[in-house]
Every structure is written in C-alpha cells, then in structure tokens.
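Me: Could you walk me through reading strand pairing and helix packing in a model like this one?

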Amino acid sequence: MPVSSAYRPEPHFFDLGEDYGDAVQPADFPQAILRVRNDRAAATVGLAGLTDEEWVAHFGRFGPLPGQPGPVAMRYHGHQFRTYNPDLGDGRGFLAGQLRAEDGRLLDLGTKGSGQTPWSRGGDGRLTLKGGVREVLAAEMLEALGVPTSRALSLIETGEALERGDEPSPTRSAVMVRLSHSHIRFGTFQRAAYIGRADMIEALVEHARALYHPAVATGDVAGFLRAVVEASARLAARWIAAGFVHGVLNTDNLNVTGESFDYGPWRFLPWYEPGFTAAYFDQFGLYAFARQPEAVFWALTQLGGALKLVAEAEPLTDALNGFGPAYIRELRAAFLARLGVSSLGEAADQRLLDTALALLREGGEGLRWEPLFFDWFGGFASSARALGGPRGRLYQGEAFDAFRFALFEHEPDRPERLEHPMFAAAEPEEMLIDEVEAIWAAIDAGDDWGPFEAKLGRLKEAREAWGLAGC
C-alpha cells in the first residue's frame, strides 16, 4: 500500500484490552461505490496516496491498514435524554484504526454503518446513504465555521435496500469512515463505574490524559476532568457561534477531547430562536439551541460522578464549577472570530457579544443568523458592503447602533481575508434544511451528485475565506 512518511500507526486504544471493546467482523456489502474521498483529511495521516481500489479495500471492505489489529466495537453506556441506558456500545460502527497525524495528534478511524456488533440491539448495523450525505455536509460546514469537529474521510454506497420507520423506505445504504481525535466518550467512563471497576476508570483516565491532555500530571484525576471541562466549554461556545444544533447530546455523544461528532438530526439556525430543536423526538426541547451549554454541563457532571470512584468529590466539583466561566470566555472568543475582529479586553468583548445577540434577536427572520456574521465580517472594514447589501435597511435603530459601536471598537483581524471573492457575493454560504433536502432529492431521484459536489466546492471556498479552521 502506498503510504507517505506521515503514516504512523498508533494502536493505543487496542492496548487497553478486551474489557473496553470487542473484536468484530465488518459486514460483507454487495457493492462498494466510492462517493466521497476526502484526500485533504487523508493527507494528514499519510493516506492520500491510496488508489481508489485500495481506498475501497480499506474503507468499504475494511481490510486492516498496515500496523492495525482489526476492528473493535467499543463498549460504553450513557444517559439518553437523561435516562441511563446500560445497553449501549458501538452498534453500527467500530474503531478501525489509530494514526498519528502530521501535527503529532492521535487520530481515530471510526466507522458508521459497518455492520452488526454485539451492541446492535436488534438493529441492522447499517447507515442510510442520506444519513451519510448529511454527515459529510455537517462536518464540512462546521469545520469551515471553526468548530472542533470530526471529518468525514470516506463515504461508500453499499448497494443494500434499508427499511427505516422515520423516512421513505426502502432507501439506499452506505458506510462512512470519520477521522476524529478520539472516540472515548463520557459513557465509556460511565460503563466502568456502573460495573464497579475503579481499575478500569484509572486506566482510562491515564490513557486519555497521556494521549489527549498531556499537560495534566499523572494521577491528577481532577486535573483531567478540568481539561475535559475546558475543551467541552469551547465546543459548546463554538456550536452557539455557528448557530448549530447537534440534536442528540447524550453522554455517549460527547468525548474527552471536546470534539463534535456523530451527526444525526442536526440543524443550523435559520434565524435567532433559542428554542429551536433539531430532533423531531426532542419533544420537550432538552437539546434545543440555547440549552446546549446546559446539556453539555449536565453530561460533564455525569462524567464527574463516574470519576468519584477514583478521586475525592471536592476537587472534581471545583473542576466542574469551571465550566460556566470557561464557556462565557470561549463564547466571547468565538463571536470575535466569527466577526473577524481582535480582542479588546473582557469588558469590550462582552459588550460586542451582548449587542450582537440583541441585534440577532431583534432582526429575527428578516436578518437570519449567518448573514449578520457575513455582512459585518472584518468590522468597520465591511461597513460599505453591509449597509449597501440586501440587508442594509435592517441595520438601523438602537440595537444596531449599540452593535455597531461595540463592533467598531475592535480592530479587524487579518482584514486581507475580505479580499476573498466570497465576500463579493450578496449572500453567505449557509446550510439550511431546505438546501440539504434538495441536495438529497437530486441524488435520490436521479443519482445526480452535481448539487452535492457543488456544495462541497463552495464550502471549501468558505473555509478558505473565513480562515477559521483550527482557530
């Protein structure tokens, strides 16, 4: 297999032993039609040199990559809509490999739709092609907006007709591989606590500390929790600044690196609406847009509860109490990044955050969420563009005056970004549900991948224009 010098297998999770996962066999699919091949992501781990045939062999048939021991379905529990479920685990996916990226970070190759495992609970272990398409789109948009996110490495159509109760069936099938910094969930620790295995928790803490939070001292369980709290606060703040609703913030969908993954019923806000939900089954708005920070904090408290088996309660509580200040700090930074301006200090930055939210609230459906950040990206450097654009008439009144004053206090950050052709357009690149459904409809009705490919192309341009990835 042609791999570059960047390819470095690092099967660390597999070294933890059989208490944490089960060796499994991938499904034998009738077809393997390559639909998405993310060479940009593959290059970070030395895999961009694969031929299409080799790509399908590893990511559609799941022949192990060199140095990898084979698929492992991870074991975990979790609170689902705050009800504890001890019957979870990787039910339609597995950890296919771990690689060291060119920047030194460990990356997981995790699958979705790769077949049944001991944790499938009667499910078919498959992924709909529509679900795979949606996950690719979500990950690309979130990366462009500066949200810590897994990336869709591969999407392969598998030729099966799937029956689903919540969408027209039969529907097409696929298998996806995501590239993520970790698949160790809060629920991984919860499972060890549930079965009373303090030794497993200690091993997990040391494993995750050494690999993902090495600045934390060996044996410092509260320090480890504090690092996870900080990373999770940053993730929640970035979701809010992006106008993103994950949809299912169960404790098995949050991980120790504070990275967003597993996109099911996600949505982006059309306009400011705190109660906006993404999942039709979230009847009480538990994971609504504005409640996401609360949901993340609640999940962190469950992680803290599991860690009480190996640490004193008081330092763990102190670590959890750091979430609120960290979230507000990160939210200020996220809004500044989205508006393309530099920090002026806590008071001025908070004023900009508050006035931006007030303007979004007042502007509502007419203004929408994404256009505000697009129109005013770069601060005062965008005045003529914003006021002369399609929403110019909305930029008046007390709420706007307060926002403009707060914004113009801040200097533009990297104003050369405004030279990108994207900022000459009248409208921003968005990811609203009507467009997502139209992209899928073209694929479903006529196998027309043109709109999907065009969207990926525009998202690439947006990522380059915003310059937010990794910020």
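This is a predicted model: local features need pLDDT of at least 70, side-chain atom pairs count only at pLDDT 80 or more; totals for chains, interfaces and linings use all residues.

Me: Which way do β2 and β9 run, and how many bridges join them?

Reply: Strand β2, residues 33–37, runs antiparallel to β9, and 4 bridges join the two.

Me: What does β9 do with strand β10?

Reply: β9 pairs with β10 (residues 171–180) too, in the antiparallel sense, over 8 bridges. For a pair to look for on screen, take Ser154, whose bridge partner in β10 is Val177.

Me: On to the helices. At what angle do the axes of α6 and α7 cross?

Reply: With helices, look at the angle between N-to-C directions; over 145 degrees counts as roughly antiparallel. The axes of α6 (residues 221–242) and α7 (residues 292–307) come within 10 Å and cross at roughly 165°. That makes α6 roughly antiparallel to α7, and their crossing is right-handed.

Me: Which residues make the contact?

Reply: On the α6 side they include Phe224, Leu225, Val228, Ser232, Trp239 and Ile240. From α7 you'll find, among them, Gln292, Pro293, Val296, Leu300, Gly304 and Leu307.

Me: And how many are nonpolar, polar or charged?

Reply: Sorted by class, the contact of α6 with α7 has 13 nonpolar residues, 3 polar ones and no charged ones.

Technical notes: Residues are numbered from 1 along each chain as its sequence is written. Side-chain values use heavy atoms; hydrogens and water are left out. Axes are lines fitted to C-alpha atoms, for helices over the stretch in contact, and angles run from 0 to 180 degrees between N-to-C directions. Angles under 35 degrees count as roughly parallel, over 145 as roughly antiparallel, 65 to 115 as roughly perpendicular and the rest as oblique. A crossing is left-handed if the near helix is turned anticlockwise from the far one by less than a right angle, and right-handed if clockwise. Contact means heavy atoms within 4.5 Å. Ala, Val, Leu, Ile, Met, Phe, Trp, Tyr, Cys and Pro count as nonpolar, Asp, Glu, Lys and Arg as charged, and the others, Gly among them, as polar. Two strands pair if DSSP finds at least two bridges between them.
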